[in-house]
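Hi everyone, thanks for coming along. Please have the sequence and the 3D view open while I talk, and stop me whenever you like.

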Amino acid sequence: MLTDPAFIRRLDSLYLLARKVLGGSLQAERRSLHKGTGITFADYSEYYHGADYRAIDWRVYARFDSLVIKLFELEEDATVYILVDSSRSMESKFLYARKLAAALGYITLKSLDRLAVYGLSDSLDPLLDACRGSAKVLAYLRSLEAAKTSGRDTLFTACSRVFQARHRRRGLVIVLSDFLFPEGFEEGLRFLQFHRHDVYCLQIQDANDTQCDWKGDVELECVETLNRKRVTISPREARQYEQAVADWNERLRAFCARSGIGLAYTTTDPPFETVLQDILRRGGLVA
Amino acid sequence: MTFLSPALLWSLAALVPLAAIYFLKVRPRKKPTTALFLWERIFQEKRASSLFNRLRDAWSLILMLLAAAAVCLALGRPEWADERKDLLIVIDNSASMSAVESGTSRLDLAKREAGQMVQGLNGNQRAAVATLGRQLQYRSHLTDNPRELLKAIDAIEPSAETIHLAALPTGGPPGSAPTGSEPTGNKPASENIDQTKTPSTSKPDPPAKDDKSDPPSKSKVAATPSTAQADIRTPLKHRVLLVSDGAFDVEKLPDHVELVKIGSPLDNLGIVAADMAYLAGDTARLGIYYQIASTYDEPQKVDLTLWSVGEDGREQLYKVIPLTIQPGTNQPETFELANAPAGRWLAKLDSADALADDNTAYIAVAKPEAIRVGVESPDPFFLENSVEAFSRGEELLSLVKENPAVVLSKSAAPKADLSIIFQPEGEAPWWTSLGEEVEAGAPRVLVENHPILRHLDATSIPFVGARQITPAAGAQVLVADDRGLPLIYKARHGARTAIVVNLDPVAAEFYFSAWFPVLVHSSVTHLAGRENTLAAVYRPGESVPIPAGRDDVVTTIVPPGTKSDGHESTPSRVETQGAWFQGVDRLGFYQLANSAGSHIVAASLLTAEESLLNNPEAADKHEPLSRGHSPAAWLTLLAIVALAAESILYHRRKVG
């Protein structure tokens, strides 16, 4: 499905939109903190022995009789890391998540940025090794299409550590998940941020996550751990659950806002293009 | 506790599969969730109700099994011992129940009490309703339908009869039965109540035809089909409750009958005995006999007035007698009235008391009218003397020359309609052949208690001079010898009747026998239809001999126009045939008319037991009725409550 020509055309449309809106990058400003031999003036610096004399700003010397050199931004390749929650809790949302991941990865590869994609569950499963270029698009889409949910739990923090151990290079980390992690999401996101990644959360939930239509005696079974709990659900408990989910989502939103982490929330109802279009029009994957 | 349908208790075995089905039913639905940790947080706060939740399934099973067990037990119809026997509610509607206290008659109080009993049964017990006066009269079938019973109770009317406790169903040894009834074997009395197909008006058996024998006795009153069934002496499986004021001899109340006493002590004066008759030998003076009873604690001064009632119904005061009535039954008194006319008389007590029916005594006095007797005989001396012997004194017979009603003859066959023939001779319609004199054997009475033979010993009469005789067809031979030779017989020929005495009174020296005048008197009064004279007054329920009454004689009876409760009603004529009139049920004057003439019959209460309304010896003696709902009803209610509770738990299981 993800390799259908029709689908790829849809991805292409999104890429064109991204180029138009964000100049081809998922990140509206791709500044580098490093100064180097780029073409964009960044700053002045004192001349030091051995510095490139072609960088000396003679006008400043003429005026101020001071030797200074121009510093230029170092153009670096952006690296986009996509972490797709592939735990069993994402079963009903996995296709939607993969479509979003496919779109984001497509834009990245078409923008000649580096892309690496992993699946998140109780372990970090590589879906696409770090690569660059349009030639990798099809391979990527095939890899996504073949991905399945797995795992007995979602260990976001552990997966974040494993991810960091593999990739020390900074980049844009896009986490696609429902963020219903029993151990919480703060530690993992903080860890990623600590290691100077730009983190963007794309929360995907559906009615199964947010609503409770069950009433009476029910045996709840966790789709991941297969733990069971026998309960009697009255309308009161149903409302409490929906409120608990809403509170959980609000907690995520508040944390992301405090932490400068970008967050977008969607359900599986709207077409995935709509979600991405909205993100792009808001300036991309920024906080 | 007993179970009326123990076989249905086997339904309890259904509890086992029911429990198995329940366990299959209560398994909850399995629902996958992506946020079990959130659910756990929610239900962690409800730790306090976890015990209830754990036990809830157990409670649900217990309630369901409880409901099923209750239904199974209810199907077995449990009862507390034998409290719910069938009931026979007998309401006393005798004369004393017409006494009024606080504006309500005792009968209304009894009906109200019976109605409350029926309503208290709540349709869980079968009962039948009957009334008791002179007879036991069933008013309803044995049923558990309260409406039917209440309808029967409402329809009960008062009567002027005296209560007759012997009519109550008895509980004696199995198999024995009262005289005159047909035993129905060992059937339980409750079945006998069931067999009462229709509410019956049980009447006593009529006496034999043309036989002025003893009137239907009291012992035979109860021996009618419906009452006989009630009288069957079998162990009773039902309770008999008599709702009464207790105005009867308590000693006569059967032990198994439970008395529900109603009414409170009342003050009452009543005439308990009364009679009037012309004095012997003086048809111009009327002797009056009366007796008064009182329930007052103190002596009461009251006037007794005597009234003569004319043909037009107008009452004429004849005498006022001031009396001082002591408490209890006073001594009887007598007095005489001169030049008092025959006919209808009223004796009234001027007293406004509880029971009005006993304040008036209706008395009918007939002037004695001698039977005109003629004599046809070659030697009439002894025959005439026998008639004249009864002409003196009470003037029962009168010797006449012309237009006799009855003719005494010897050796002749008179042409009179009524004749007594001694020593048959010649030809006559009374015999078909008359032979020579024969020596009669020992006489045997063939018809016991015939009015002609009632007061004499026919076997001691020497039938000397008897002739070989063949009575006319249809003759009734009263006395014959051991060879069948008719000695005294009664024959009819059209409208004529004759009594033939087959002996030679001279040869038999019968004229000198004490039986001669007795035979003459009995025969004359029998032929004239006057062997049973009407009494001056009868009590309701008593049998009245109809003058000249026979099966082929129609007698018209006009009952009193006023009922004993004081309500006017249109008298309805009754026609009857036979020698007895059984229908005296109201107080007042009855007019009887047939070919022999017309007569007045008076009916008055005249019963001390009914007038003495307060009987302290009659105490309330009944076991409490099983009012309220049976255990089966409560078990059903329990089952419904348990099912309702289980439904709530089930609903919570399904919808929280």
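Let me begin with a term: a salt bridge is a side-chain nitrogen of Lys or Arg within 4 Å of a carboxyl oxygen of Asp or Glu. Two housekeeping points as well. This is a predicted model, in which local features need pLDDT of at least 70 and side-chain atom pairs count only at pLDDT 80 or more, while totals for chains, interfaces and linings use all residues. Residues are numbered from 1 along each chain as its sequence is written, chains are lettered from A and ligands numbered from 1 in the order in which they are written, and side-chain values use heavy atoms, with hydrogens and water left out.

Now to the salt bridges themselves. Over all chains, the structure holds 20 of them. One of these joins the side chains of B:Arg239 and B:Glu258, at 2.8 Å from N to O. B:Arg239 sits in strand S9 (residues 238-244) of chain B and B:Glu258 in strand S10 (residues 257-261) of chain B, so this pair ties together parts 19 residues apart in sequence. When I say strand or helix, I mean DSSP runs numbered from the N terminus: helices are H or I with at least four residues, strands are E with at least two.

Are B:Arg239 and B:Glu258 buried or exposed? Both are buried. Here buried means under 20% relative accessible area, exposed means over 50%, and partly exposed is in between, using a 1.4 Å probe and protein chains only.

Next, B:Lys348 and B:Glu315 meet through their side chains in a salt bridge of 2.9 Å, N to O. This pair links distant parts of the chain, with B:Lys348 in strand S17 (residues 343-349) of chain B and B:Glu315 in strand S14 (residues 315-325) of chain B, 33 residues apart. B:Lys348 counts as partly exposed because its relative accessibility is 23%. B:Glu315 is partly exposed too, at 40% relative accessibility.

One more pair: the side chains of B:Arg467 and B:Glu425 form a salt bridge at 3.0 Å, N to O. B:Arg467 lies in strand S25 (residues 467-471) of chain B, and B:Glu425 in the loop between strand S22 (418-422) and strand S23 (431-437) of chain B, so parts 42 residues apart in sequence are tied together. With a relative accessible area of 16%, B:Arg467 is buried, whereas B:Glu425 is partly exposed at 38%. Over in chain A, salt bridges that share partners join A:Lys93, A:Asp178 and A:Asp209 into one network.

Let's step back to chain B as a whole. Its secondary structure comes to 12 helices and 34 strands. Of its 656 residues, 49% count as buried.

Now, where do the two chains meet? Taking contact to mean heavy atoms within 4.5 Å, 33 residues of chain A are in contact with 25 residues of chain B. The area buried between them is about 2,800 Å², with carbon and sulfur atoms giving 63% of that. Buried area is the accessible area (1.4 Å probe) that two parts lose on being put together, summed over both. In chain A, the residues that lose the most area to chain B are A:Trp214, A:Asp217 and A:Tyr241, together 21% of what that side buries.

How many salt bridges are counted between chain A and chain B? The count is 0. On chain A's side, the elements giving two or more residues are S8, S9 and H8 of chain A. H8(A) gives the most, with 9 residues.

Strands also pair across the two chains. S8(A) and S2(B) run parallel, joined by 5 bridges; two strands pair if DSSP finds at least two bridges between them. In S2(B), B:Thr33 stands opposite A:Cys222.

Finally, look at helix H2 (residues 36-44) of chain B. Its buried residues are B:Leu36, B:Phe37, B:Leu38, B:Trp39, B:Ile42 and B:Phe43. What do the buried residues of H2(B) pack against? They pack against strand S8 (216-222), strand S9 (228-233) and helix H8 (235-259) of chain A, together with strand S2 (29-33) of chain B.
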